[in-house]
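Student: I have a structure on my screen and would like to learn to read it. Could we take one feature at a time?

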Amino acid sequence: MRHLLIIVGMFAASMSWLIWICRVVDPSTRYGSKVEYNYARYCAGCHGPNGEGNGRIGRFKKLDPANMTKADFWDNRSDEQLIHSIDAGKDDMPAFFYYLTNEEQWEILTFIKENFRPTPVPN
Ligand code: HEC
């Protein structure tokens, strides 16, 4: 009986590295927050990790994704319009209503604003 316990114990110990490996390999554990992960997963491929519109897919397919680090991008668009584009797609940009809830889309928009939007200069 004791031998059985020892064997089970050793087996469990020898498997613990698997949990560690899974955490390292699972991309969702690499990001600080859910919204960061969602941006990286759904948007960065085209818009780039820093929102400059230079993601790999975007460049490769010559889609010309919006550069969200430019002031005039923000001057010319309302939040509702941007959410609509994310939800329903726009030209070469796919629609995301299927993948992201309305709430998640607003979270991403807030994330984009906080991280990529240049600080507005008062006129
Ligand atoms: C397949 C590439 C691709 C992916 C993935 C993608 N976009 Fe886009 N996005 C584009 C392109 C291309 C445009 C420019 C569309 C235009 O101006 O006609 C664009 C434009 C936009 C705009 C500006 C829309 C407007 O009204 O001018 C926003 C905001 C935006 N994307 C956010 C996102 C967000 C958030 C995600 C992730 C959920 C995302 N995009 C994923 C390609 C992509």
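Student: Which residues is isoleucine 108 in contact with, leaving aside its neighbours within four places in sequence?

Tutor: Contact means heavy atoms within 4.5 Å. By that rule, isoleucine 108 is in contact with Val35, Asn38, Tyr39, Cys43 and Leu100. A word on the model: it is predicted, so local features need pLDDT of at least 70 and side-chain atom pairs count only at pLDDT 80 or more, while totals for chains, interfaces and linings use all residues. Residues are numbered from 1 along each chain as its sequence is written, and side-chain values use heavy atoms, with hydrogens and water left out.

Student: How many residues does the largest nonpolar core have?

Tutor: General idea: in soluble globular proteins, nonpolar side chains tend to be buried together. A nonpolar core is a set of buried Ala, Val, Leu, Ile, Met, Phe, Trp, Tyr and Cys residues joined through side-chain atoms within 4.5 Å. Buried means under 20% relative accessible area, exposed over 50%, and partly exposed in between (1.4 Å probe, protein chains only). Here the largest core has 17 residues. Those with the most contacts inside it are Tyr39, Met68, Trp74, Ile108, Phe111 and Ile112.

Student: Which element gives the most to this core?

Tutor: Helices are DSSP runs (H or I, at least four residues), as are strands (E, at least two), numbered from the N terminus. Helix α6 gives the most, with 5 residues. The elements giving two or more are α2, α4 (71-75), α5 and α6.

Student: Is glutamine 105 buried or exposed?

Tutor: Glutamine 105 is buried, at 0% relative accessible area. This glutamine lies in helix α6. Not counting residues up to four places away in sequence, glutamine 105 touches Ile83, Ile86, Asp87, Phe96, Phe97 and Leu100.

Student: Now the metal. What are the protein donors of the iron atom of the ligand?

Tutor: Donors are N, O and S atoms within 2.8 Å of the metal (3.2 Å for Na, K and Ca); water is not among the atoms, so sites may look incomplete. Here the protein donors are His47 (NE2) and Met93 (SD), 1.9 to 2.0 Å from the iron. Histidine 47 lies in helix α2 (residues 34-47) and methionine 93 in the loop between α5 (79-88) and α6 (102-116), so the pair ties together parts 46 residues apart in sequence. Histidine 47 is buried at 11%. Methionine 93 is partly exposed at 25%.

Student: What is phi of aspartate 91?

Tutor: Most residues other than glycine have a negative phi. Aspartate 91 has a positive value, near 45 degrees. This aspartate is in the loop between α5 and α6. Aspartate 91 is exposed, at 77%.
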